[in-house]
2 protein chains.
Amino acid sequence: MISVEEARARILSGLRPTPAEIVALANAWGRVTAGAVRARLTQPPADVSAMDGYALRAADGGLGARLRLIGTAPAGHPFAGALGPGEAVRIFTGSIVPAGADGILLQEDATRDGELVTVNEAVVAGRHIRRAGQDFSAGDEVLPAGRRLTARDIGMAAAANHPWLGVHRRPRVAILATGDEIAMPGEPIPPGGIVSSNSHALAALVRAAGGEPIVLPVVQDDREAIAAVADAVAGMDMLVTTGGASVGEHDLVVAGLAQRGLEVDFWKIAMRPGKPVMFGGLGGVPVLGLPGNPVSALVCSILFLMPALGKLSGGAGDPPPTIPATLGGPVAANDQRADHLRATMTLDETGSAVVTPFGAQDSSMLRRFALADALVLRAPHAPALPAGAPVRAIRLDAIGV
Amino acid sequence: MISVEEARARILSGLRPTPAEIVALANAWGRVTAGAVRARLTQPPADVSAMDGYALRAADGGLGARLRLIGTAPAGHPFAGALGPGEAVRIFTGSIVPAGADGILLQEDATRDGELVTVNEAVVAGRHIRRAGQDFSAGDEVLPAGRRLTARDIGMAAAANHPWLGVHRRPRVAILATGDEIAMPGEPIPPGGIVSSNSHALAALVRAAGGEPIVLPVVQDDREAIAAVADAVAGMDMLVTTGGASVGEHDLVVAGLAQRGLEVDFWKIAMRPGKPVMFGGLGGVPVLGLPGNPVSALVCSILFLMPALGKLSGGAGDPPPTIPATLGGPVAANDQRADHLRATMTLDETGSAVVTPFGAQDSSMLRRFALADALVLRAPHAPALPAGAPVRAIRLDAIGV
């Protein structure tokens, strides 16, 4: 058996980021930058006022001084001339400071009477002025490569004057469910059959991780039909298979795709829930074979497929994020397999997470998994722990799973 | 001044969930259920084997017993007949247990010789059998109303045989930026002007919260032009405005829309960054007026717009999720305004979050905000805290902002 970490490293080592494409800024949220984004302008473009008030020479702004108002400069309408001794220009937040001015008299510190402005609070040179380039200057790197774009980043790219952004193409992941017993929701169910849930859950997980799922038609337990899938996956960035439970986990899938050149590794991973995972390559397309059991398939996807999508998308392929939590009940000592206990999560009075594993951890129970909030991580050979002990957990809603 | 909590409660009190629409299961990830989802079938549909092996009468399964193999039942191909004394049927994980059988002899506990199967480990009645309905039964509520659908939920709905789901329509949020100084990225920039970043950042935030943004054309600082916006927002679930900084925060927007019947509340909210927020209604459309400053606009959106979208989407309108963290550096005592310190976040050796606020918290600096990982929450009048003190923080990447 190999560890979860070794399996993940071996999967990631064979993956390369997708090439770049150009998308409109408005469609770039959640995408991953294919290169650094550099500012195309300087912000602020010139010295601007940070407040509403009057621009003047600070030397003229002593307490009680009176100045002559010579103009107004709303944002977007800079004062065209230069300001001389004893003169003031009405300005607003974001207005360019007129030539000759080096101080701002705040609106609330001034009394205006027609064209006369009286200083009620001495002006300090440079105060309330944002310097040109204080936020960023043309040429500055404002976003790094490999960053999944947040709402702030979209604002940043806009402010840096980018209507388009180069991002990694969404990884295309083909999803194959096999089995004579499988029907799509709403379609006739064969005798003793079940409705396919893995394809749709995995497609949603691929979306959650920023990929583009392609759900292939269900293939019957037939070697030739499975072999034909090889034609459908040309141009995909990954093929994920599940099931084939009727005749042993991956036998028919492997046998069928082997006719088309599948190079395959089988691993027994020291984890639970989960069975052997198959990883290989089919004409340059990485192939990940997951268990047919829905809970096992999703847990394996969280541990292996989501990091794979991260790497294919141009990121690092980090393992799923975990949070610190305390146990809401005791757990038994673990055996040699890393366990992922389905658990509910509450917050204690300090706002810290408390995770309580379900008593029954039957991996066939999809409904119970749907009701879980978190997976509690249990390392191989971890000792029994009492309620209140610290553990780490994966919050399922936080990753969209 | 009113508190952040009171402002949020007042905004939410006026909002109602959008009506339902039907979407294909494949498009339902991230949507919010408009009603409870009930199972349309029972899972497992009958008693099924949990393992590969042989079905038999447990009474026949004593150690050393020999049974006659009378058939094979792969999943999806149930055994048609009934099993009698001394008989066994080959079955697989998920296969329906044949009539007459009440025990499973595991494959690894059996020796097969042609049609003869020898028991190497005594069989226990009922063991390794999943009972009909063990996961769920027809009619069971498998997903509640008001739930944002995860990948697991999609799998659950599929297993319960739902090809379509009723979900709340995505809230349509019109976004209006005003100002003579504003240009769209890539378009000509007026003298002293800046590129609009708020519209795009807010549109991305609306997407992150499950809404549908409609970015309206930039409107100049002209009362009539602003009034005309009233026609554009019919049928929207909310209008969000930003800026108008050239002539005071909301003056022209309010004056313009008031001609068309805007009913308005101005609030001074005890928070930072942020200025007065405007909330009101325009012909039945809720209107949220945000500051023009990009950092203030986004922080106010996290605190008010995202919960509003949650409620419009059919959820509870919860405030943004926070995590417990410790301070990486000291913070000064707070004044009467709730503060939201932009901070970097690292994990300590125990995996707990350490948040370190930037020294400068200038709300005009979008780039610094883009580099932040978290907002550290500081309640009004919170005392000075040393490094290592516990605080709560909003993880920005976790909410897509």
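In chain A, the centres of domain 1 and domain 2, taken over C-alpha atoms, are separated by 33 Å. The domain assignment of chain A, whose bounds come from an automatic or database domain assignment, comprises domain 1 (4-16 + 170-312), domain 2 (22-40 + 137-168), domain 3 (48-130) and domain 4 (323-399). The structure is a predicted model, in which local features need pLDDT of at least 70 and side-chain atom pairs count only at pLDDT 80 or more, whereas totals for chains, interfaces and linings use all residues. Residues are numbered from 1 along each chain as its sequence is written, while chains are lettered from A and ligands numbered from 1 in the order in which they are written.

The mean pLDDT (the predictor's confidence in each residue, from 0 to 100) of chain A is 93, and 98% of its residues reach 70 or more. For the complex, the predictor gives an ipTM of 0.91 and a pTM of 0.92.

The contact involves 74 residues from chain A and 73 residues from chain B, where two residues are in contact if their C-beta atoms, placed from the backbone, lie within 7 Å. On the side of chain A that touches chain B, two or more residues each are given by H2, strand E15 (194-195), helix H3 (198-208), helix H6 (294-312) and helix H7 (366-371). Helices (H or I, at least four residues) and strands (E, at least two) are DSSP runs, numbered from the N terminus. This side of chain A divides into 39 nonpolar, 25 polar and ten charged residues; Ala, Val, Leu, Ile, Met, Phe, Trp, Tyr, Cys and Pro count as nonpolar, Asp, Glu, Lys and Arg as charged, and the others, Gly among them, as polar.

The loop between helix H2 (151-159) and strand E12 (164-168) of chain A contains A:Ala160. A residue is termed buried if 20 or more other C-beta atoms lie within 10 Å of its own, exposed if 12 or fewer, and partly exposed in between, with C-beta atoms placed from the backbone. A:Ala160 counts as buried because it has 27 C-beta neighbours inside 10 Å. Beyond its neighbours within four places in sequence, A:Ala160 is in contact with A:Val37, A:Ala39, A:Arg40, A:Phe136 and A:Val142. A:Val142 lies 18 residues from A:Ala160 in sequence and 7.8 Å from it in space, C-alpha to C-alpha.

Several backbone features were also identified. The peptide bond from A:Gln43 to A:Pro44 is cis, with omega near -10 degrees, and A:Pro44 is located in the loop between strand E2 (37-38) and strand E3 (48-49) of chain A. In chain B, a cis peptide bond with omega of about -10 degrees joins B:Gln43 and B:Pro44.

Positive phi values occur at B:Asn161, about 75 degrees, and at B:His381, near 60 degrees, neither being a glycine. B:Asn161 is buried, with 20 other C-beta atoms within 10 Å, whereas B:His381 counts as exposed, with 11 C-beta neighbours inside 10 Å. B:His381 is placed in the loop between strand E25 (374-378) and strand E26 (390-395) of chain B.
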